Amino acid sequence: MYHRRMDKAIFELLAARLRSQEPVRTAAKLVLIHGLTASEACKIAGVKPPSLSRSLKGFRELDAEIRKAYKIPTAKLDD
């Protein structure tokens, strides 16, 4: 399956819309932009896995909603 990484500008836009706060924001960035696993990102950023999981879900859902509204092709984001 093809996995894509999120563009930094898109990440920052979504983070602002979601009002994402540190340190979960950094952990999400590590996963969605830099391609780390959720486990690695949690260790580096010092967050608990459930917090990161909820955050990633929000990023993915908002990204999908925007892509659907503007008819932008979608590929699954990395975990």
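Predicted model: local features only at pLDDT ≥ 70, side-chain atom pairs only at ≥ 80, totals over all residues.
1. Helix α1 passes helix α2 in a right-handed crossing. The two pack at an angle of about 150 degrees. Their axes are 11 Å apart.

2. Now look at the residues in that contact. From α1 come Phe-11, Glu-12, Ala-15 and Ala-16. From α2 come Arg-25, Ala-28, Lys-29 and Leu-32. By type, the contact of α1 with α2 has 5 nonpolar residues and 3 charged ones, with no polar residue.

3. Arg-25 deserves a separate look. This residue sits in helix α2. Setting aside neighbours within four places in sequence, Arg-25 is in contact with Phe-11, Glu-12, Ala-15, Ala-16 and Ser-20. There is also a detail at the level of atoms: a polar atom of the Arg-25 side chain lies 3.5 Å from the backbone oxygen of Ser-20.

4. Next, turn to the other helix pair. Helix α2 covers residues 24-32, and helix α3 covers residues 38-45. Their axes come within 9 Å and cross at roughly 145 degrees. Here too the crossing is right-handed, with α2 passing α3. On the α2 side, the contact is made by Thr-26, Ala-27, Leu-30 and Val-31. On the α3 side, it is made by Ala-38, Ala-41, Ile-44 and Ala-45. These residues divide into 7 nonpolar and 1 polar, with no charged residue.

5. Step back to the whole chain. The protein has 4 helices and 2 strands. From the N terminus on, the order of elements is β-α-α-α-α-β. The protein has 79 residues, and 37% of them count as buried. Take the contacts between residues at least 6 apart in sequence: 62% of these join residues at least 24 apart.

6. Which residues touch the most other members of the largest nonpolar core? They are Phe-11, Leu-32, Val-47, Leu-52 and Phe-59, out of 20 residues in this core. Helices α1 (8-18), α2, α3 and α4 (49-69) each supply at least two residues. The most come from α2, which gives 6 residues. As background, nonpolar side chains in soluble globular proteins tend to be buried together.

7. Beyond its neighbours within four places in sequence, Leu-52 is in contact with Val-24, Ala-27, Ala-28, Val-31, Ala-38, Ala-41, Cys-42 and Val-47. Find Leu-52 in the model and trace these contacts one by one.

8. Is Ser-55 buried or exposed? Ser-55 counts as buried because its relative accessible area is 12%, and the cut-off for buried is under 20%. This serine is found in helix α4. Leaving out neighbours within four places in sequence, Ser-55 is in contact with Ser-20, Val-24 and Ala-28.

9. Why does Ile-66 count as partly exposed? Its relative accessibility is 31%, so it falls between the cut-offs of 20% and 50%. Ile-66 also lies in helix α4.

Definitions and conventions
Residues numbered from 1 in each chain as written. Heavy atoms only, no water. Axes fitted to C-alpha atoms, helices over the stretch in contact; angles between N-to-C directions. Left-handed = near helix turned anticlockwise from the far one by under 90°. Contact = heavy atoms within 4.5 Å. Nonpolar A, V, L, I, M, F, W, Y, C, P; charged D, E, K, R; others polar. Core = buried A, V, L, I, M, F, W, Y, C linked by side-chain atoms within 4.5 Å. Buried < 20%, exposed > 50% of the residue type's maximum accessible area, 1.4 Å probe, protein only. Polar contact = N/O pair within 3.5 Å; in protein donor to acceptor, adjacent residues only side chain to side chain.
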